[in-house]
Amino acid sequence: MTHIFHRSPSSPPAIAVHGEGGFIHSADGRQFFDGSGGAAVSCLGHGHPEVIDAVVQQMHKLEYAHTGFFSSEPAEKLASLLASHSPPTLNNVYFLSSGSEAIETTLKMARQYHVERGEPQRRHNIARKLSYHGNTLGALAIGGHVGRRALYQPLLVQAHHVSPCFARHYRQADETDDAYASRLASEFEQLILELGPDTVSTFVAETVVGATAGAVAPVPGYFQKIRAVCDRYGVLLIMDEVMSGVGRTGTYHAFEQEGVVPDLLTMAKGLGGGYQPIAAVMVADKVVDAIVAGSGAFQHGHTYVGHPVACAAALAVQTIIQRDQLVQRSASMGQHLRALLTQRFGDHANVGDIRGRGLFQAIELVASRDPDRPFDPSLQIHAKIKRQAQQVGLLCYPGGGCIDGVHGDHVLLAPPYNSREGVLEMAVDRLGQAIDLVLNETAGKSGT
Ligand SMILES: Cc1ncc(COP(=O)(O)O)c(C=O)c1O
C-alpha cells in the first residue's frame with residue numbers, strides 16, 4: 001500500500017534503493033543501467049563519493065541561509081566557476097531549484113529589463129512549436145508541445161509560437177540548410193512585425209531540443225540568423241539548456257556550437273547531476289546593469305534560491321567535470337554511442353533517424369521508412385518501449401509526438417559522461433531487444 005500520489009497511481013513504480021556508477025538497484029533485487037540519467041540528469045552516474053563528501057561537509061558547516069540575509073561560500077564559488085567557463089558577457093548567475101523555475105525567472109528578468117529601460121510595452125514572449133520549457137504555468141505557456149499543453153490551455157498566459165528548426169521533417173526537399181534557416185528567421189521577424197516591433201520581450205528556444213522531439217539540433221547558421229533578428233528589434237534571446245547544457249552535447253554550453261551567445265541562459269540537470277535539485281540562469285551584463293541602474297533590485301525570488309547544500313553539490317559536480325575532462329569525454333563517447341546506434345539501427349526497418357550531439361542521442365521510430373510514415377499514435381509505441389526496456393534492465397527516455405505533438409515516437413539516450421564503452425554497448429543491445437520485442441508484439445496483434 002502506497003500513500004504517494006504516483007505519476008500513474010494504478011501502476012506504482014518499483015522502489016529504487018541503491019545507485020552506483022551507471023546503475024540503479026531496486027528493492028526487489030533488479031539492476032538497471034541508467035541509460036538516460038533519469039531525464040538527462042545524472043551526468044556523473046550515482047553514488048559519486050566526492051560529491052557525497054561535499055554535500056555532507058556543507059551540511060556540517062551550514063545547511064541553509066536565506067539569500068535575503070546572506071550569500072554563501074559554495075554559491076559564490078559555483079557562480080565564479082560558471083562565469084569562468086562562459087563567454088565574458090555572461091558574467092552573472094541567479095540560482096534556482098528547478099528548470100521550470102529557471103525559465104520563469106528568465107521571462108520575469110527580461111520583462112524587468114525592458115521596463116527599467118523605459119520600454120514597458122514589451123510584453124510578448126515568442127517560443128517555438130514542439131519545445132518543452134517546464135511544467136509550471138508560465139513555462140508551460142511558452143512551451144510548444146500541444147499534447148503537454150492541452151489540458152491546461154485555459155490557464156496559460158499568452159505566448160506566441162513559431163516553427164521549430166527540425167530539418168528532418170520540415171526542411172523542404174529542394175531547400176538548403178541556409179535557405180531553411182532564412183525562412184525560419186523570416187517567419188520570426190514577420191511575427192515580431194505583426195505583434196508590433198517594439199512590443200516583443202523575448203525569444204525562447206532550446207539549443208538542442210530534448211524531451212519533446214528527441215535530441216534535435218538546429219541546422220548550421222539558424223541561431224545566428226535568429227540572433228540577428230533579436231538584435232534588430234531589441235528582443236532578448238533566451239537559450240534553454242536545462243537539458244542540453246553542461247557538457248551533455250560535447251561542449252560545456254550547447255550554444256558554443258552555434259556561434260552565438262544568448263542574453264539569458266538556463267541550465268539545470270547536469271548542473272547538480274541529481275545530487276541536489278539546482279538550476280541556474282546565466283545573465284548578460286547588460287540585463288544586470290539595466291536593473292542596477294534602474295530600480296536597483298530584481299523583483300523576484302524563492303525561499304530556496306542559492307541553497308548552500310545544493311550549490312556545494314553542484315560545485316563538486318562541476319569541479320569533477322572540469323578536472324576529469326568529462327565534456328571532452330561526452331563528445332568522444334557520444335561518437336562511440338552514435339556508431340553503436342548506427343550499427344544496430346542503421347538498417348532497421350522501423351528506425352527512420354538517428355540523431356543528436358555528444359551523449360545526447362536519439363532514434364526516431366517509424367512504421368515504414370519508405371514512404372517515411374510514423375506509427376499510429378494510439379499504439380503508444382514509445383510508452384511500450386519504455387516499459388519493455390526497463391524489463392530488460394535499461395532505463396531510457398522515450399517520448400511521443402516528436403513530429404507535431406501527436407505523431408512520431410522517439411527514444412532518447414543520455415548516459416553518464418563517465419560511462420565506459422562496454423556499458424554503452426550493453427545499453428544499445430538492450431534497447432534493440434526492447435524495440436524488437438515491442439514491434440514483434442505489435443505486428444502480431446495487428447496481424448501484419
Ligand atoms: C529544456 C527543458 N527546459 C525546462 C525543463 C523543466 O525542468 P524541471 O523539470 O526541472 O522543472 C526541462 C525538463 O525536462 C527541459 O528539458
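With which residue does aspartate 372 form a salt bridge, and how far apart are the closest N and O atoms? In this predicted model, the partner of aspartate 372 is arginine 168, and the closest N and O atoms of the pair lie 3.0 Å apart.

The chain is divided into domain 1, made up of residues 16–47 and 325–446, and domain 2, which covers residues 50–323. Taken over C-alpha atoms, the centres of domain 1 and domain 2 are separated by 26 Å. Contact between the two involves 40 residues of domain 1 and 43 residues of domain 2. The size of an interface is often given as the accessible area lost when the parts come together. For domain 1 and domain 2 the buried area is about 3100 Å², with carbon and sulfur atoms giving 56% of it. On the domain 1 side, Val327, Arg357 and Phe360 supply 24% of the area buried against domain 2, more than any other three residues. Three salt bridges are counted between domain 1 and domain 2.

Over the whole structure, the search finds 18 salt bridges. One of them joins glutamate 364 to arginine 355, with 2.6 Å between the closest N and O atoms. Are these two partners buried or exposed? Glutamate 364 has a relative accessible area of 1%, so this residue is buried. Arginine 355 is likewise classed as buried, because its relative accessible area is 7%, below the cut-off of 20%. Through salt bridges that share partners, Arg168, Asp353, Arg355, Glu364 and Asp372 are joined into one network. Arginine 171, at 34% relative accessibility, counts as partly exposed, and aspartate 177 counts as partly exposed at 27%.

Helix H2 comprises 13 residues (49–61), which at 1.5 Å a residue should span 18 Å; the end C-alpha atoms are 18 Å apart, so the two values agree. Val51, Val55 and Gln58 are the buried residues of H2. These residues lie on the same side of H2, because the arc that they cover around the axis is only 70°. The packing partners of this buried set are helix H3 (73–84) and helix H12 (308–323). On the face of H2 turned away from the buried side, the exposed residues are Pro49, His60 and Lys61.

Helix H11 (residues 285–293) was treated in the same manner. Its buried residues are Val287, Ala290 and Ile291. An arc of only 95° around the axis contains them, which means that they are on the same side of H11. Val292 and Ala293 are the exposed residues carried by the face of H11 turned away from its buried side.

Helix H12, against which the buried residues of H2 pack, also contains glutamine 322. With a relative accessibility of 28%, glutamine 322 counts as partly exposed. When neighbours within four places in sequence are left aside, glutamine 322 is in contact with His85 and Tyr252. Histidine 85 is 237 residues away from glutamine 322 along the chain, and the C-alpha atoms of these two residues are separated by 9.6 Å.

Technical notes. Residues are numbered from 1 along each chain as its sequence is written. This is a predicted model: local features need pLDDT of at least 70, side-chain atom pairs count only at pLDDT 80 or more; totals for chains, interfaces and linings use all residues. Side-chain values use heavy atoms; hydrogens and water are left out. Helices (H or I, at least four residues) and strands (E, at least two) are DSSP runs, numbered from the N terminus. The expected span of a helix is 1.5 Å times one less than its number of residues. Buried means under 20% relative accessible area, exposed over 50%, partly exposed in between (1.4 Å probe, protein chains only). The arc is that of the directions from the helix axis to the C-beta atoms. Contact means heavy atoms within 4.5 Å. Domain bounds come from an automatic or database domain assignment. Buried area is the accessible area (1.4 Å probe) that two parts lose on being put together, summed over both. A salt bridge is a side-chain nitrogen of Lys or Arg within 4 Å of a carboxyl oxygen of Asp or Glu.
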